[in-house]
Amino acid sequence: MNVPELIVRSTLKKLVKQELDVKNPDGIRVEIDRSQNRVTLGALFVQDGKPQTKITTKELSESQFSEILGERMGDSQKAAIVVKGKTVTCYTYDKNLIPTEIEL
């Protein structure tokens, strides 16, 4: 894992704890939608031996998420950041919602 991945992973884990009150998520997904000016944050975790999900949506302008990908989004209106274990994967989506993996 490189330094940008470590920073994004730790930042997202802190935000999940703050926004969703989930301390040790098994997975995190952030979806950025510029066209609707919103960000959706979701976390997958286990509680009482059962998989659980929590999701919240915020205005993009009020959110800390809009700075994570910055200019890497290019002209894309939608992007996603997925954290699973120690792996951080970022995608942008074209108008047909076909994903392209991008470097963090």
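## Helix α1

Helix α1 covers residues 3-20. Its 18 residues reach 25 Å from the first C-alpha to the last, close to the 26 Å expected at 1.5 Å a residue. The expected span is 1.5 Å times one less than the number of residues. Helices (H or I, at least four residues) and strands (E, at least two) are DSSP runs, numbered from the N terminus. This is a predicted model, in which local features need pLDDT of at least 70 and side-chain atom pairs count only at pLDDT 80 or more, while totals for chains, interfaces and linings use all residues. Residues are numbered from 1 along each chain as its sequence is written, and side-chain values use heavy atoms, with hydrogens and water left out.

The buried residues of α1 are E5, V8, R9, L12, L15, V16 and L20. They lie on the same side of α1, because they cover an arc of only 135° around the axis. That arc is taken from the directions that run from the helix axis to the C-beta atoms. An α-helix has 3.6 residues a turn, so residues three or four places apart point the same way. The face turned away from the buried side carries the exposed residues V3, K14 and Q18. Buried means under 20% relative accessible area, exposed means over 50%, and partly exposed is in between (1.4 Å probe, protein chains only).

## Helix ends

At the start of α1, a side-chain oxygen of N2 comes to within 2.9 Å of the backbone nitrogen of E5. After the helix comes D21, with a positive phi near 60°.

## The sheet

Six strands form an open sheet. Their order is β3-β2-β1-β4-β5-β6, and the pairing is antiparallel. β3 (50-59) and β6 (99-102) stand at the edges. Each has a single partner strand, so one side of each is left without a neighbour in the sheet. Neighbouring strands are turned by 20° against each other on average, direction ignored. Helix α1 packs on this sheet and touches β1, β2, β3, β4 and β5. The direction of α1 makes about 80° with that of β2. Contact means heavy atoms within 4.5 Å. Axes are lines fitted to C-alpha atoms, for helices over the stretch in contact, and angles run from 0 to 180 degrees between N-to-C directions.

## Pairing and hairpins

Two strands pair if DSSP finds at least two bridges between them. Strand β1 (residues 27-33) pairs with strand β4 (residues 78-84) in the antiparallel sense over seven bridges. Here G27 has K84 of β4 as its bridge partner. β4 also pairs with strand β5 (residues 87-93), antiparallel and over seven bridges. V82 stands opposite T89 in β5. The hairpin of β4 and β5 has two residues between the strands, and G85 takes a positive phi near 65° there.

β5 and β6 pair in the antiparallel sense over four bridges. T92 has T100 of β6 as its bridge partner. These two strands form a hairpin with five residues between them. L97 lies in this loop. Its phi is near 60°, a positive value in a residue other than glycine. At 48% relative accessibility, L97 counts as partly exposed.

## N37 in the β1-β2 loop

N37 sits in the loop between β1 and β2. N37 also has a positive phi, near 55°, and is a residue other than glycine. Its relative accessible area is 31%, so N37 is partly exposed.

## Two buried strand residues

T40 lies in strand β2 (residues 38-47). T40 is buried, with a relative accessible area of 18%. A polar contact of 3.4 Å joins its side chain to that of T57. Such a contact is a pair of N or O atoms within 3.5 Å; within protein, one must be able to donate a hydrogen and the other to accept it, and residues adjacent in sequence count only if both atoms are side-chain atoms. Leaving aside neighbours within four places in sequence, T40 is in contact with R29, V30, E31, I55, T56 and T57.

I81 lies in strand β4. I81 counts as buried, because its relative accessibility is 0%. L69 is 12 residues away from I81 along the chain, and their C-alpha atoms are separated by 8.7 Å.
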